[in-house]
Each structure stands twice: as C-alpha cells, then as structure tokens.
Amino acid sequence: MAGPEIKAPAYREFPTVPALQPDSMVGMNPYVANEKMNEAIGFPGKLVDNWEQVAIAKMGELLTKYRSLKVYLDSCVHCGSCTDKCHYFIGTGDPKNMPVARQDLMRNVYRRYFTPAGKMFPKLVGAQDMTKDVLDDWFRYYNQCSECRRCSVFCPYGIDTAEITMAAKEIMHAVGHGHKYVNEIIGKVHKIGNNLGLPGPALEDTLNGLEEDVKEDTGIDVKYPLDVQGAEVLLVTPSADFFAEPHIESLIGYGKVFHAAGISWTLSSKASEAGNFGMFIGSYDQLKKIAMRVREAALELGVKRIVVGECGHAWRVAYSFWNTLTGIGAGANDPFAIELQKQLDPNYKQPAHICEVTWDLIQAGRLKFDKEANDHRIITFHDSCNVARGSRMGDYAGGQFDIPRNIIKSVANKYHEMGVGTTHEKTFCCGGGGGLLTDELIDLRVKGALPRMEALKQVVDQHGVNFMATICAICKAQFTKVLPYYGFKMGLVGGVHQLVSSAIQLGNEQ
Amino acid sequence: MTLFFAILFYVATALFVGGLAYKIYDFARTPAPLKIPTTPAPTSTPGVAFRMFREVALFESLFKGNLWIWALGWAFHMGLFLVLARHLRYFTEPVWTWVALIQPFGIYAGFAMAAGLAGLWARRFLVERIRYISTPSDHLMLALLLLIALTGLGMKFLMHTDIVAVKAFFLGLMVFDIQPLPAHPGLYIHLLCVALLMIVFPFSKLLHAPGLFFSPTRNQTDNPREARHVAPWAAQLEKN
C-alpha cells in the first residue's frame, strides 16, 4: 500500500481513555462504489444532482419506517456514557468516533430539517444543513462504525449507533454514494451466490478436495455434500469457510460433527453464503433479498432443519431477522411463512447455530472427544459482537456466551478467559465488522483492534494463551491480518469447530 | 403579574401536554420492523417489564457505563422525582397522606437535585470528551434546572414567600378561578423557569423520558425464532 506505513498504536499501560485527537481519522476515505456496482443492486450510479433534497426526503421516509431511528435521534441527552466505549475511538482518539458524536453527524441534520428547535434556533441545538462537507463526514465516519452495538449496552436509553449508521448508509445509497467494498460483495452474492464469488463448480471441487484431505488425515470418509435433495440439514455458512484459513478448519469440523452424529446434511450452491451485507447498508430490501436465497434453497432441497455456520452478523441476521424476512422460524400464521414452517421440523430451533447443534449432541452423549488432542493449545474465547449483543443461542438469555465456551471446555483442557469488561456483552469488536474488512481501511482496522489486542496480550503474558477461538468469519479474517501488527502470529486465531475438529472421535457411532 | 403567570401556565401546560402527547403518539405509530433488543435480553414480557423497571428506576445501563454520570444523574433524577412529589401539596386540598409523609425527604431531595445538576454541569466543562459533545442547549438546560432548584431552595431557607397564597393561586388555576400570586422575585424566577421547562420539554432532548419506553433495544422481547414479527409496511412487500 502507498502512503505512510501503518503501525499499531502502543498498548496503554492502564486502559485510560485517550485524549481527543480531532480529525486524526479525517484522512480515512473509503472507496466510493462505481456506477456499475451501485446500479447492479438498484441504487443510483453516482451522486444525483439534487442529492440534498433526496437525502432529506429519504431521512423523512426512514423516520416513518423505523421507530429506532426516530426515538434515538430525539432521545440523546449528551450524557457521555458512550463516549469511551467504541473500539475505534479508543484506537484512534478521533472525537467523531465517539458514538454520540457519530450519531450527532446525523442528529444535527435531523434537527435542522425535522424539529422546530433546529429550524428556529439551529446554533442553539447544534443543527446543521445537509452540505457536501456533511456528506463527506458521513461517508468517512459512518464507514468507521462496525455496527457492533457495544455503545448501546451502556446507553441509558439503549440508543444503538448501529441503527443510526445503517440509516445513514441507506440515505447515502439513496443519493448514489455507496461504499465500494460492500456494494461489490452484494452484487456478487446476487450474481454468483456468495460474497467471495465462488461459482458452483468451483465449490464442488473445493468440497471434493476437502473430503480427500479429511480422508487422508483421519482415514474416514467424511462427506461435504452439495445440493443434496432431501438431506435433513441445510448448512448455510460464510463462504470464507470454503477456502480461507483458518475458516476452512471449522468447516471440516462441522462435517465431522454431522458425520459422527449420523445426521444427513447438505450445503447449497444457491445459498452458499450465510453473510448478509444487506444489514450493513441498512437496506431492508437487500437484507430480505439476500435472505430469501436461503428460504428458496430450503424449499427446493426439502430440508427439515436449517443450521448456520460460524459467522457473527450472519447469525444475528439468521437468529433475529430470518423469521421476519423469510419465515425461517416458527409461530407464523400467514401463508408465506407457513409454507416453509410446515416443512421444517418443529422439534428443533429454526434456524439453529452450529454451536447449538454441537452442544446438544454433546449433552446427549452422541459425540466423543479426545481432549488431549488439543493439549498443545492454550485457549481463550473472543465473543463476536453480533453474536454477543444481537442474538442468542439456547434456551435462556446469555446462552450465546455459555454454549461456545461449553463446547471448548468439552473438547480441550486448557482454557482462560480474557479480562472482565472485554468479553460477553461488553466484548470488543475485532475491528473489521460492519463491512469494513477492506484493505483501504487497514489503518482503521489495526487501530480498532487495540482494545481486543490488549486483552489478548494479558492472557498471553499470564497464561501463555496461543489460540483465540471465535465464531465469526470476519473476526477470523480481521485477526489473521491484524495480529502481526501487534507482534502475534496470525495462526493465533481460529474457530471453535476447529477445536472440535481436532478432538472429535469419528466412527464410534457407526 | 398574576395574570401573566396565569396565562403563562395555561400556555405552558397546553404545550407540554399537547406536545408530549403528540410525540408519544408519533413514537407509538412508528413501527419497529426488526427485532433488535440489545442481548442478552429477556425472553418474556414480564422479563422486559423488569428490565424496563431497572432502566427507569435504577439507570442500569448508565451504571454499567460510567459511575460518575450515574451517581450524579441518579441523584438529580431521584431528587427531582421526590421534589415533584413534594410539590403535589400545592395542587391538592386536602393534601394526600403520602405527600404529607414525604415532605421532609423532599427537602433533602432538593439538595441532591441541585448537587447532581452542579456535578453534571461541571463535567461539561471539566471532561474533555463531554465538553466536545456539549451544545449550547445542553448548558442552558442545566442552567434552567439548576435555577429552578436554587430558587426553590432559596424560598425554603432564605427568602420565604407566602406559600399559602401560592397554593391558592394554583388551586384556582385548576378551576379557572384566578387568585393573586404573591409578589416575590424568587417565586417569579422559579415559576418562569418551570414554565419554560414545560414548554421546551416536547421539543428538546427532554424527550428521553418517553423515548426510553419506546426504545426497541430495551423494550423488545428476545423471541424472534418463536414468534414472527412483521411490520405493516414490511408485510406489504410480501404481497408483491
């Protein structure tokens, strides 16, 4: 990359709040999507002529469609509770990365056009006209939010900056000002079926190769089936699982779990992607279109269960939104959703997370492990933000924290938690979520990882941790890239099912 | 002056009630199309009610976020709550028993309120991050509230006013029978600020009070797999 060398910020001796460094990230300019990319997914190709009016009209529309946006723009009292909670603020010191300041970029415009106070006394309430400078700030700083929701945990009114960021991105799309990385990916998922643009035949080759590798390793014929009509389980997983390291190790693990439990399963070439970048740009329309592929694949293949692989935002979309968007779930009384729900097996949660599946099997005694196989690993667990704060697993609130940890402790002997305040619902984003996992934002990504790296360093120094397990494709890709900047080996990150894969005993249940 | 304050309070009450009612209606009619509770979240309605209670009465999230802001903010709000309850004696005849019982506590609450406000205001100057996010209206709002608290305490401890006459004024207002308001500078400032606060309430960040109850991250049940949740405008999309 051109420009100055990217360096990790220094570890803080004490995790004090950084001093403000105004405009320190003003140089961070995400690439703007080109005409083809924008138009391919139904947005204006480039900044429309009367964009100010279009933007304000769009904001007005969203204010009638999203209670979250309306309530959150009205309710903030500038108390400051969120100001030191964002990993990007902690890493960069740029005050516009404080959640409240990020929200204010939109709130100020909202006040100017939609509230009596902002119309009459703009200076008094900090109201601002929608200008090109404002739009530039939006594009810059709403693309420095990974929609991880950490700030919403600490807000006395539950204001979720992710909701504001999504609305801002939707408005920017409406005026033809999209982000290249995300829009390119959404284009691919529609055209080819997954974010990485891996076509069906290539996928089949990859899976065949995987079967050979596993056979070589274990001597067992573990299958990685594709488009199998009538399989019991449809597994939808992030496409990175098909070839990226360390993601693929977890895919191997899912296959071994299904094999050992004797559950028939299949992947789908149509829905060969669990990720749903529609959420990142706040577009209900895209969110739904992308999710519909899974519904269609499930109906075509006639599966009884839908299971989602290790992916953070994908699980949030699956768990929290699929029932709404596509009817994948239960409890519907409308024909659209009933069509699918009568096909799905009501004895299982729909959709289920792969960790829920594995943990249920472990509890039922249907999986056996050789825990010593993981003895070379001293493990910690990084809660992925969208799983932690946007979803659940199991039957009770907080199951999303316990189930992955329970699995790890069932398959390995050496486990250590990272510091309080950096895990569970207070977990730090990896720094690459929300559609920011792109090279032009590497400076931001490195800095945003600081709080997680500090917590990791502590357990590395104290306990010799050499494996940070996680259940998110973006976390895995981001850490693989960022760990070396902090002096760690990139192989330090891996999946929970990578650990399962190492320890699981195959063939016992045959 | 009596007439001025009488009209002022009619106008302020109308704006406060009407404006707030409109905002609540506006919040209520706007759908929340997706399930977005900040998890871990309650899986049942009683659970949500309990979570909301903790947010409203204890400021649970703020407690997790920042102890200083929590302590000052909670002292201010609870103080204000007790002080408001104490002031019910100006609007009821005979005074309700529980209002009579809390009278002594209301005085301490007045100090807690003023101390909380002073602390919150100090943070807007002393803490760099909070200085950065503060707007003129944030300062004015605190000034207004602090002025109300100080003039109130002033009338209690320094410059008494004829509170029997004040009570007669408000009881009269409630039945459109205007009684003389005592001429007292402290009282004038106090009432002027209160009326102003009522007027700005529906147009300002004071909307955080009703807002909290409508916050989807706090008031939604975590049951998206068990029940299908579709907003009316989203259901329309399915029909196409």
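**Aromatic contacts and cavities**

In this predicted model, B:Phe9, B:Phe91, B:Phe169 and B:Phe170 form one aromatic cluster.

Reader: How many aromatic pairs does a search of the whole structure find, over all chains?

Author: Rings of Phe, Tyr and Trp pair if their centres lie within 6.5 Å. Over all chains, the search finds 24 aromatic pairs.

Reader: Are the rings of A:Tyr66 and B:Trp233 stacked, tilted or edge-to-face?

Author: Planes over 60 degrees apart count as edge-to-face. The ring centres of A:Tyr66 and B:Trp233 are 5.8 Å apart. Their planes stand at 65°, so the pair is edge-to-face.

Reader: Where do A:Tyr66 and B:Trp233 lie, and what does the pair join?

Author: A:Tyr66 is in the loop between helix H2 (51-65) and H3 of chain A. B:Trp233 belongs to helix H13 (residues 232-239) of chain B. The pair therefore joins two chains.

Reader: Are A:Tyr66 and B:Trp233 buried or exposed?

Author: Buried means under 20% relative accessible area. Both A:Tyr66 and B:Trp233 are buried.

Reader: Which class does the aromatic pair of B:Trp121 and B:Phe125 fall in?

Author: Stacked needs planes under 30 degrees apart, and edge-to-face needs over 60. For B:Trp121 and B:Phe125 the angle is 40° and the centres are 6.3 Å apart. The pair is tilted.

Reader: What separates B:Trp121 and B:Phe125 along helix H6 of chain B?

Author: Helix H6 spans residues 103-126 of chain B. B:Trp121 and B:Phe125 are four residues apart in this helix, so the separation is about one helical turn.

Reader: Is B:Trp121 buried, exposed or partly exposed?

Author: Buried is under 20% and exposed is over 50%. B:Trp121 has a relative accessible area of 23%, so B:Trp121 is partly exposed.

Reader: Which helix supplies the largest share of the lining of the largest cavity?

Author: The largest cavity has a volume of about 180 Å³. Helices H3 (67-75), H10 (161-174) and H14 (284-301) of chain A each supply at least two lining residues. The largest share is four residues, from H10(A).

Reader: How many charged residues are in the lining of the second largest cavity?

Author: The second largest cavity has a volume of about 120 Å³. Of its 15 lining residues, those closest to the centre include A:Cys76 and A:Ile159. The lining has ten nonpolar and five polar residues. Its count of charged residues: no charged residues.

How values were computed: Residues numbered from 1 in each chain as written. Chains lettered and ligands numbered in written order. Predicted model: local features only at pLDDT ≥ 70, side-chain atom pairs only at ≥ 80, totals over all residues. Heavy atoms only, no water. 1 Å grid on protein atoms, 1.4 Å probe; cavity = no way out; pocket = protein on both sides within 12 Å on 5 of 7 lines; lining within 4 Å. Points joined across faces, edges and corners; volume = space filled by probe spheres on them. Nonpolar A, V, L, I, M, F, W, Y, C, P; charged D, E, K, R; others polar. Phe/Tyr/Trp six-rings, centres within 6.5 Å; stacked < 30°, edge-to-face > 60°. Buried < 20%, exposed > 50% of the residue type's maximum accessible area, 1.4 Å probe, protein only.
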